Amino acid sequence: MNTNTEFTAWVVRKENDHCTRAIETRTVADLPAGDVIIRVKYSSLNYKDALSAIGNRGVTRRYPHTPGIDAVGVVVESSAADINKGDEVIVCCYDLGMNTDGGFGQYIRVPSAWIVPLPENLSMPDAMGFGTAGFTAALSIHKLLAQGIRPEQGPILVTGASGGVGSVAVAILAQEGFEVVAASGKDAEEYLLSLGAKKVISRDSVDSGAGKALLRPKWAGVIDTVGGNILAYGIKTTKPSGAVTSCGNVASGDLPITVYPFILRGVTLLGVDAAECPIALRKQVWQAIAGKWQLGHLPALSTEISMQMLDEYIDLILAGKTKGRVIVNMQ
Ligand SMILES: NC(=O)c1ccc[n+]([C@@H]2O[C@H](COP(=O)([O-])OP(=O)(O)OC[C@H]3O[C@@H](n4cnc5c(N)ncnc54)[C@H](OP(=O)(O)O)[C@@H]3O)[C@@H](O)[C@H]2O)c1
């Protein structure tokens, strides 16, 4: 394709630690190296995108930069053997939107190794209704199931439940037949019950028990998305032989805990890293998302916005005020 082709992108510029954001015109020649060029149709908003937009060096080191760790769209040029012009594809995680210009631009250029074919039964907006956050929820549940956790063993606690990862986790777990207890710091009871939670409890009630090695066992498993004392509470309240997944740190990166839940109850702590998920497992989880874990019947789960609304939604997600997933229409 002509590398002078112009497109619009949401660009963050950083000068003297001060970030500005604007929609700008860019050309395909501005994009980083890669063997596949994709016309992005939809992206999605994740917490990490917001960190990139405010200059967080743990996420993005080089500016000007276009965030957007998720993209779904159509291949317009490919020199990769197994990817052809016209293919509908998903790019999630890896370095997209971090130090590689991401899905908040109408075109991306990426290495073919980052690409997963869009499963046949999944629409582009529904794929971004999952995006990295939803994929992370699905991967967490895949790991709980692989650990042998089943609905008859007891309820599952989901923390940060109204967030992107939490909301998708609640919905998938309910679909799998689990009794879901959703912990949230928001007034989100109606929303979480509509996704399939059986009970909604306050964030404060799971941010407790500090200083105690063990607490009364309640859950067969926990999907934790926030870290810190809440993750510690989840581990201390998990039943013998239960399992806890950890993927996030919005509350804290610390884990104040002793070894006793592990050596006295046989609790398993499962780490979840979507970015480094091997491609074979990645494809397997996307197939489950397109099959038994489809969530298109839950319109409350996602909000669709335009590129012009990104500024406002970045501030909302940083303030912990979004519910569920935010899909960005890039057409
Ligand atoms: N490991 C991975 O591969 C991976 C992939 C994707 C995301 N993540 C991480 O997972 C976490 C969640 O991501 P997300 O996209 O779901 O973010 P999100 O949409 O912003 O949701 C986070 C939720 O956490 C709760 N929360 C916010 N501030 C909190 C605080 N100070 N203390 C306790 N809870 C708080 C809120 O839910 P309530 O109001 O309902 O409590 C909020 O909606 C982030 O840390 C993100 O970086 C990791």
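Trainee: Which residues in H2 meet which residues in H8?

Mentor: The model is a predicted one. In H2, the residues involved are Phe130, Phe135, Ala138, Leu139 and His142, and they meet Val285, Ala288 and Ile289 in H8. By class, this contact of H2 with H8 comprises 7 nonpolar residues, 1 polar residue and no charged ones.

Trainee: At what angle do the axes of H2 and H8 cross?

Mentor: Two packed helices are described by the angle between their axes and by the distance between those axes. Here, the axes of H2 (residues 124-146) and H8 (residues 279-290) come within 10 Å and cross at roughly 100 degrees. H2 is therefore roughly perpendicular to H8.

Trainee: How many residues surround the ligand, and which are the closest?

Mentor: The ligand is surrounded by 33 residues, of which Gly160, Ser162, Gly163, Ser184 and Gly248 are the closest. Helix H1 (47-53), H2 and helix H3 (164-175) are the elements that give two or more residues to this shell. Its composition is 14 nonpolar, 15 polar and 4 charged residues.

Trainee: Why does the ligand lie between domain 1 and domain 2?

Mentor: The ligand lies between them because domain 1 (6-118 + 299-329) and domain 2 (132-271) both give residues to the shell around it.

Trainee: Is Phe178 buried or exposed?

Mentor: Phe178 counts as buried because it has 26 C-beta neighbours inside 10 Å, where 20 or more are required. Phe178 is located in the loop between H3 and strand S9 (180-184). Apart from neighbours within four places in sequence, Phe178 is in contact with Pro151, Ile156 and Leu173. The C-alpha atoms of Phe178 and Gln153 are separated by 9.2 Å, with the two residues 25 residues apart along the chain.

How values were computed
Residues are numbered from 1 along each chain as its sequence is written. This is a predicted model: local features need pLDDT of at least 70, side-chain atom pairs count only at pLDDT 80 or more; totals for chains, interfaces and linings use all residues. Axes are lines fitted to C-alpha atoms, for helices over the stretch in contact, and angles run from 0 to 180 degrees between N-to-C directions. Helices (H or I, at least four residues) and strands (E, at least two) are DSSP runs, numbered from the N terminus. Angles under 35 degrees count as roughly parallel, over 145 as roughly antiparallel, 65 to 115 as roughly perpendicular and the rest as oblique. Two residues are in contact if their C-beta atoms, placed from the backbone, lie within 7 Å. Ala, Val, Leu, Ile, Met, Phe, Trp, Tyr, Cys and Pro count as nonpolar, Asp, Glu, Lys and Arg as charged, and the others, Gly among them, as polar. A residue is near a molecule or strand if its C-beta atom, placed from the backbone, lies within 6 Å of it. Domain bounds come from an automatic or database domain assignment. A residue is buried if 20 or more other C-beta atoms lie within 10 Å of its own, exposed if 12 or fewer, and partly exposed in between; C-beta atoms are placed from the backbone.
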